[in-house]
Amino acid sequence: MTTPLDMQPNYDGDQVELAERHSLRRVAGMRTELEDISEVEYRQLRLERVVLISVWTSGTQTDADNAVAELKLLAETAGSEVLEALVQRRSQPDAATYIGRGKVDEVAEVVRATGADTVICDGELQPAQLRNLEDRVKVKVVDRTALILDIFASHAKSAEGKAQVELAQLQYLRQRLRGWGGNLSRQAGGRAAGGAGIGGRGPGETKLETDRRRIQHRIARLRRKLREMDATREGKRTERRRHQVPSVAIVGYTNAGKSSLLNRLTGAGVLVEDALFATLDPTTRRTQTRDGRVFTLTDTVGFVRHLPHDLVEAFRSTLEESATADLLLHVVDVSDPDPEGQITAVRQVLAEIGASGVPELLVCNKADQAEETMMLAVRANHPDCVVVSARMGHGLEELVDAIEERLPNPDVEIEALVPYERGDLIDRIHRTGSIEVLEHTSEGTRVRAHVRPGLAEELSSYSV
């Protein structure tokens, strides 16, 4: 049984999902490590004492500082301690080492001075850049993509979420395999390949080729598994469409407060944590408007600037919840130093998954923590936005009104006298239609309402 939006329990922003899920809460200072997701060798990510490096190619100094601050939050979410951050201004990253030769020497000196054991780069490194940097700084080097994959791996809990993360990890690792140990011989080429000449009697398939083949087989298995799961998800979507239940998807930047908002509006009780990518699995709850119309509200995975392409591809079936929705609640953290950058990043991902044409309602969250000047700037640029605080419960009435106003309205007007034995039709009118007049008479229930075409056809035999 659903509960109207304005009658939900008073869940605040600190609501956790269930007692047994407290184990998912991040403990500061703990180490994060990828599970052994395959039988191949891979680069382990033990993010502990780290140094951040970033290449500033465009934008203002403020943009560069915000990018490094976000990288710091990502590193801390993965369980590491940030010791130092270095930024270099360049027209483009260095093709060999991501940063210039002099900067590499400076990073190596900082690593030695601080005792860091990991360097994190704010960009996706090519295999050669990764190898060259590690050779020069003498510690493990991790790029932004690997860092985000590590966070996703530690937060995934459902079978679908784990499979999606593993698929993204394997696609990333496939291009970055390196030979380890002495098993690096290659099969001979040219005439020697036919057994003629020196080197024609090699060991056969190399360890590197074996690893690559195993990864390819595992990727194929995961894609088949995800297609089966997607069929189940699509079945649920089809069922909702058959019953003509409108859907609303909550989208936005990571840690913008989407789960807190879902808890406030539906009493879902999903996990809320002040950490990036705390929510990876979509949660859908039924609720209803004040006039009784039923709709679904879905909490989705958060976005981030430069979200790795492998992640978007792996999570495409989950992200399609947004593309098939009737309305998007785009939640933005107005206490962030760059809310406009968040809005742009989210809309770029929405365009990539084909959801840019879905009607959007911008929800400015965390208003209780925002600076007044930033709030005024956002409202000036987006006059139709709704300002709320999911933690404090402020602005929710206005948000509920805005959702009800933007939900798709039934477009067929009917007037019917429905016999009392067909109370199921009246119930469906309440749930999916908009009632204007309802009167109980001796012959039955007289109703004038706007309903969906399918229901209007069923009611046609009772028209008056």
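Contact here means heavy atoms within 4.5 Å. That criterion applies to helix α12 (residues 396–406), which lies across β7 (294–299), β8, β9 and β10. The model is a predicted one.

## Six-stranded sheet

Six strands make up an open sheet with mixed pairing, in the order β6-β7-β5-β8-β9-β10. Its edge strands are β6 (283–288) and β10 (386–387), each of which pairs on one side only.

Within this order, strand β5 (residues 247–252) and strand β8 (residues 327–333) pair over 5 bridges in the parallel sense.

Helix α12 runs at about 170° to β9. Helix α10 (residues 339–352) lies across β5, β8 and β9 (360–365). The direction of α10 is at about 145° to β8.

Strand β12 is joined to strand β13 (residues 445–451) by 6 bridges, and the two run antiparallel. The bridge partner of E439 in β13 is R446.

## Packing of α2 and α3

Helix α2 (residues 101–114) packs with helix α3 (residues 127–137) at an angle of about 50°, and their axes are 9 Å apart. Angles under 35 degrees count as roughly parallel and those from 65 to 115 as roughly perpendicular; α2 and α3 are therefore oblique to each other. Their crossing is right-handed.

On the α2 side, the contact is made by R101, V104, D105, V107, A108 and V111. On the α3 side, L133, R136 and V137 take part. By class, this contact of α2 with α3 has 6 nonpolar and 3 charged residues, and no polar ones.

Terms used: Residues are numbered from 1 along each chain as its sequence is written. This is a predicted model: local features need pLDDT of at least 70, side-chain atom pairs count only at pLDDT 80 or more; totals for chains, interfaces and linings use all residues. Side-chain values use heavy atoms; hydrogens and water are left out. Axes are lines fitted to C-alpha atoms, for helices over the stretch in contact, and angles run from 0 to 180 degrees between N-to-C directions. Helices (H or I, at least four residues) and strands (E, at least two) are DSSP runs, numbered from the N terminus. Angles under 35 degrees count as roughly parallel, over 145 as roughly antiparallel, 65 to 115 as roughly perpendicular and the rest as oblique. A crossing is left-handed if the near helix is turned anticlockwise from the far one by less than a right angle, and right-handed if clockwise. Ala, Val, Leu, Ile, Met, Phe, Trp, Tyr, Cys and Pro count as nonpolar, Asp, Glu, Lys and Arg as charged, and the others, Gly among them, as polar. Two strands pair if DSSP finds at least two bridges between them.
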